[in-house]
Amino acid sequence: MIKIDLVTGFLGSGKTTFIKIYAEYLIRSGHRVGIVVNDFGPVNIDRILLGELEGENCTVEMVTTGLNDDSEAHSRRFKTKLISLKMQGFDRVIVEPSGIYDIHEFFDCLNDDPLYDWYEPGSVITLVDADLEDDLAFESEHYLASQLSSAGIVLFSRCDMVSADMIDKTKGRINEILEKIGGVKLSRDIIAKDFSEYDNEILKKISDSGYVGEGRIKPLDDAKEHFHTAFYTDFQYSSIEELKSGISELMTEYKEGKVLRIKGFVNIEGISYEINASHNGIRIIRCSMLLQQIIIIISIK
């Protein structure tokens, strides 16, 4: 049986960064790894960022999801990708869904033929920003509670950027959300270390962590309707300072609602920069090659 891990986490929680580390560990351990990434729209930023892992023992596949697609359309595409990975001989699969994903869809797909005979759930790994904001929208809390309630292990990201008191506060916050939404408390381990401290022992623990099969919390039926995704390619910035100023303005004055995350690539004087912005700051990283220019803004109404 092929083990398939689901890496969940709300928007901007650090899933892609973790998957790079985790996939490299699995490859070192002798696995041929297939990574399936999903996001809204025709351009998948995470697929591009994970592309450097590709080689003989790793492939990165994209499940395209149209803004008007229902869960059935997405499930069909997801199953097709898993069938293809089985045929290609990959023996471990990592799935990175969008930050607003119903985990029930994952388990439902694996219970269908022919996937039932080929795949078994490995670990459900949920990432949480160590500096979890205090004023999450009710719909966002439902998604986070759904992810946490199925997790075999919880990883705090950006631990190097916050104090020990903030980490303790976030631990309390996720239990408050779980109790409010589902009347439960977190029953699995939390790893609150910077990703640079993840050694083989920690990564093996994550790989073997499993999942919680009972009592999973389902997101609100209409929760996705409250989230808005927009794509922009027609923009021009002449300097990093102007880019930072423009992203800051979008974070605070966006007309479609409260911005949860801005990500993408911006070209300045023939150089591409990766943009990743959320409530806790703006990260701009120089890319090694020239990439298609695009900014994706995810907001909640």
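Reply: Helices (DSSP runs of H or I, at least four residues) and strands (runs of E, at least two) are numbered from the N terminus. Under this numbering, Thr170 is placed in helix α7. This is a predicted model, in which local features need pLDDT of at least 70, side-chain atom pairs count only at pLDDT 80 or more, and totals for chains, interfaces and linings use all residues. Residues are numbered from 1 along each chain as its sequence is written, and side-chain values use heavy atoms, with hydrogens and water left out.

Me: Why is Thr170 called buried?

Reply: A residue is buried under 20% relative accessible area, exposed over 50%, and partly exposed in between (1.4 Å probe, protein chains only). Thr170 has a relative accessible area of 1%, and is therefore buried.

Me: Why are α1 and α8 called roughly perpendicular?

Reply: Axes are lines fitted to C-alpha atoms, for helices over the stretch in contact, and angles run from 0 to 180 degrees between N-to-C directions. Angles under 35 degrees count as roughly parallel, over 145 as roughly antiparallel, 65 to 115 as roughly perpendicular, and the rest as oblique. The axes of α1 (residues 15–28) and α8 (residues 200–207) cross at roughly 95° and come within 10 Å. The two helices are therefore roughly perpendicular to each other.

Me: Which residues of α1 and α8 meet, and how many of them are nonpolar?

Reply: From α1 come Phe18, Ile21, Tyr22, Tyr25, Leu26 and Arg28, and from α8 come Asn200, Leu203, Lys204, Ile206 and Ser207. By class, this contact has 7 nonpolar, 2 polar and 2 charged residues. Here Ala, Val, Leu, Ile, Met, Phe, Trp, Tyr, Cys and Pro count as nonpolar, Asp, Glu, Lys and Arg as charged, and the others, Gly among them, as polar.

Me: What makes a group of residues a nonpolar core, and how many residues has the largest one here?

Reply: Such a core is a set of buried Ala, Val, Leu, Ile, Met, Phe, Trp, Tyr and Cys residues joined through side-chain atoms within 4.5 Å. The largest has 26 residues, and Phe18, Ile35 and Ile206 have the most contacts inside it. Elements α1, β2 (33–40), β3 (58–65), β5 (119–129), β6 (153–157) and α8 each supply at least two of its residues. Helix α1 gives the largest share, 6 residues. Apart from this core lies another, of 20 residues, including Ile103, Cys109, Leu115 and Val124.

Me: Why does the pair Arg92 and Asp5 count as a salt bridge?

Reply: A salt bridge requires a side-chain nitrogen of Lys or Arg within 4 Å of a carboxyl oxygen of Asp or Glu. The closest N and O atoms of Arg92 and Asp5 are 3.0 Å apart, and the pair qualifies. Arg92 lies in strand β4 (residues 92–96) and Asp5 in strand β1 (residues 2–9), so the bridge ties together parts 87 residues apart in sequence. Both Arg92 and Asp5 are buried.

Me: How many salt bridges does the structure hold, and what do the side chains of Arg158 and Asp129 form?

Reply: There are 12 salt bridges. Arg158 and Asp129 form one at 3.2 Å, N to O. Arg158 lies in the loop between β6 and α7 (164–182) and Asp129 in strand β5, so parts 29 residues apart in sequence are tied together. Arg158, at 22% relative accessibility, counts as partly exposed, whereas Asp129, at 7%, counts as buried.

Me: Why is Glu269 called exposed, and where is Glu269 placed?

Reply: Its relative accessibility is 74%, so Glu269 counts as exposed. Glu269 is in the loop between β9 (258–268) and β10 (271–278). Although not a glycine, Glu269 has a positive phi of about 50°.

Me: Which residues does a cis peptide bond join?

Reply: The bond joins Asp113 and Pro114, with omega about -5°. Pro114 lies in the loop between α4 and α5 (115–118).

Conventions. Contact means heavy atoms within 4.5 Å.
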